Each structure stands twice: as structure tokens, then as C-alpha cells.
Amino acid sequence: MAVVGVITETAPRERRVALDPDGVTRLTHAGCQVLVEPGAGAQAWFPDDAYVTAGAALADRADVLARADVVLAVRAPSDELEKALRPGQHIVGMLSLLSNPHQAERLAAAGVNAISLDGLPRLLSRAQGMDALTSQANVAGYRSVLVAAEAFGRYLPMMVTAAGTARPAEVLILGAGVAGLQAIGTARRLGAQVRAYDVRPDSGTEVASLGAQFLSIEAVKDAAGEGGYARPLTDTEQKALAEELATHVVKHDIVIATAQVPGRRPPLLVTADAVAGMRPGSVVVDLAASPLGGNVAGSTAGERTLTPGGVMVIGADDLPSTMPTGASAAFSRNVSALLLHLLQDGQLVIDTDDEIQKGVVITHAGEVVHPVVHMALNARDSGEV
């Protein structure tokens, strides 16, 4: 019987939990024993009693880590957690090891089997229930509009009142992936006039289906890449795109930028000049804000910056954490679906010939086995990076 451990997330501002009580029920029905650190779900409004009722046992953190065959986490392990993991133990979560190969190397050296949902092959139909990138991007896209609406000093819909008529807000969404489409739908439901742009022209159909207008940009006609993602833009393309987008950005009250590139610097879509040209009271939300940079000049991850021109720039790097109950419930379904796929006769079985496991298994049996992470480490050792 596999023992699954759920621990409290310790990253600053992180309020999610990797498994909710419904997830406990799914795993116990599959023959797992689930141990939960007291208070692990408290910030997501899942009390300890709910976990016990669902079939989990409570145990302190040290006991969970000592007994669990599989440790569930939302984010990459902290230094403290990394050191507490033992050889042969599995850690499963959104570990971001594709962009942090050094931690993958350390986990492999410690004999820890790292399984990261952000490597999931997203176009594989049988993996859709495990797709945490999509579930969390949905939360981020929805939440981005609410954050923008809260910071915006006027109505989003057209309002006809005895005191006069208020025009609807003009909202521009940059990027029509999962987060962008959710942002479009949410802004439309709130009554805003919405336009959107994506470097993949086929996205125009999805944008139109949500009632928004798809912008035609001459600078980049088509940057569709493999697997449904956009390809990286050249420096020339990115500069031309930002310059042309600026003519649209300044006409909008709210701009939400969603173009993220795992492991690489996000493309700069909204320049400082574009932000400076926006009307006072405008709001810009940058979902791509990170230590590597963001889509918006002047955005800082986790901070709100009011420009001299009165534009609020929000570095929204952790929006799923601000909606912890919904985000945790979705993540729990993803991680439990993956575990159920890995379980055989009550035990977790690693098989890197399996299509799904090829994408998510990063380290196994003391080796870095994921090809992308392995290539990154080889490039480092050869001096290419």
C-alpha cells in the first residue's frame, strides 16, 4: 500500500494545498494511505476534520516525511524540504525542474524520484485530467480580470443610471492561450468591450467565439509553434510587435498580458512608452511577471507600481494562490489523476516508456531521465550556457 503525504506549503504568499479532502477519498479508494500535516489545507479553507472524514490520518511534518512513499507538493521543494527527502522517495507537484535543472540534479544525486506536472504532454487526450498547467492557468486568467476590475476606478460594463451613462471599459488581452481565453470570457461576462491578440492567427476563431475582437497585427503574421504553443520570436520580430501593439495599448483602459514561456524570459509586449501613453487610471496586469522579467516594462513580480502618469502596473505572478480553494481543488484532481495512472497494485510504478511518464518523470533511480533537463545539464557542463 502506497503511503501518500500531504504537507503545508511554505513558500511566501502560497495558500494552496496539493490535495483536498475529495482527493483523499479518490486515493484511499485506490488503496493508498494518506497522511496529512495538521493545518496543511487551512489557508485553502480545508480543515483537518474534513481530511480525517475523507479517510486521511493526521501526522506532524517530520512523521509525514519519514513515512510517505510519495510526497505531494504544489511548488518546487524548498531547501529544507529537499534535504528532508530520502532515497527512493517520490515527490510529485509543479516542481518547475525544466527551468531549474540544478535542483533536478541534486534530487537525482539524493536518490529522490521527482515527478513534475509541468512536463505533462498536454495534447495527449488521456492526460487532460492531469493537466495542472491548464487548471491553474484557468484560475489565473479568471482572477486577472477581477484584480484589474478592483484596481480600476470605473465600471467595466456600460451603466445607465439616473446620474448618467458610463461607457464600458475597453480591455485588451495579450495572449489567447488558456489564461488569455479565460480572461476574455470573464471580462466579457462583466460587460467590458474586449479585444485580444495572439501571435498564432488560428486563435482568432476562439477569441471571436467568446465575443471579443481579434486584433490584426502586421508585425508578426504567424508565430505558431509545435504542440499548440507559440514559437520564440526573434529580437527583430519582438521589437516590431511591441511597437505596433503600443498603438493599440494606449487606447485601452485595462491591458492583461498572459504570454509566458516556461524556463525562458517572457516576450516584452508592452513597452515603457506604451504604458506612459495610457490614460491616468488605466490598469495593466502582467501574468508573466517573474524574476526573469515579464510582458510589461516596469512590472515586478508580486508588486503593484503606480507610474508617474497614473497607470497601475500589477505584477501578478501568483494569482492561483489568491484563489486557494478553487485552485487547490483543481490541482488536487490533477495530481490524484496522475497518481492513479502511476499506481499498480497499490504501489507507484515508474515506467519511462509510458508516454505520460516520459514527460513528467524528471529524476529516477539516481539519474536525471527527462531529456530536456538532461540536455540543459549537458549544455552547462560543456560550457554552452
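L95 is buried, at a relative accessible area of 1% (buried means under 20%, exposed over 50% and partly exposed in between, with a 1.4 Å probe and protein chains only). The model here is a predicted one, in which local features need pLDDT of at least 70 and side-chain atom pairs count only at pLDDT 80 or more, while totals for chains, interfaces and linings use all residues. Residue numbers start from 1 along each chain as its sequence is written, and side-chain values use heavy atoms, with hydrogens and water left out.

As for its setting, L95 sits in the loop between β5 and α5 (101-109); helices (H or I, at least four residues) and strands (E, at least two) are DSSP runs, numbered from the N terminus. Setting aside residues up to four places away in sequence, L95 touches R75, A76, P77, A114, I115, S116 and D118, where contact means heavy atoms within 4.5 Å. L19, 76 residues away from L95 in sequence, lies 15 Å from L95 in space, C-alpha to C-alpha.

I115 leads on to the core. Apart from neighbours within four places in sequence, I115 is in contact with H90, I91, V92, G93, L95, L338, L342, L348, I350, V360 and V361. The largest nonpolar core has 40 residues, and I115 is among those with the most contacts inside it, along with V34, L72, V92 and L338. Such a core is a set of buried Ala, Val, Leu, Ile, Met, Phe, Trp, Tyr and Cys residues joined through side-chain atoms within 4.5 Å. At least two residues of this core come from each of β1 (3-6), α1 (21-29), β2 (33-36), α2 (48-54), β4 (70-72), α12 (324-342) and α13 (355-360). The largest share, five residues, is supplied by α12. There is also a second, separate core of 29 residues, with A140, V145, I173 and L319 among them. In soluble globular proteins, nonpolar side chains tend to be buried together.

Now for the sheet. Six strands make an open sheet, ordered β3-β2-β1-β4-β5-β6, with parallel pairing; two strands pair if DSSP finds at least two bridges between them. At the edges are β3 (57-58) and β6 (113-116), each pairing on one side only. Three bridges link β1 and β4 in the parallel sense, and V4 stands opposite V70 in β4. Across β1, β4, β5 (90-93) and β6 lies α12, running at about 140 degrees to β5 (axes are lines fitted to C-alpha atoms, for helices over the stretch in contact, and angles run from 0 to 180 degrees between N-to-C directions).

Over in helix α6 (residues 132-151) is Q136, which counts as buried at 6% relative accessibility. The side chains of Q136 and S135 are joined by a polar contact of 3.0 Å. That term covers a pair of N or O atoms within 3.5 Å; within protein, one must be able to donate a hydrogen and the other to accept it, and residues adjacent in sequence count only if both atoms are side-chain atoms. At the start of α6, a side-chain oxygen of D131 comes within 3.3 Å of the backbone nitrogen of L133. Buried residues of α6 include A140 and V145.

N295 belongs to the loop between β13 (283-286) and β14 (304-306), and at 0% relative accessibility N295 counts as buried too. Its side chain reaches the backbone oxygen of A259 at 2.9 Å.
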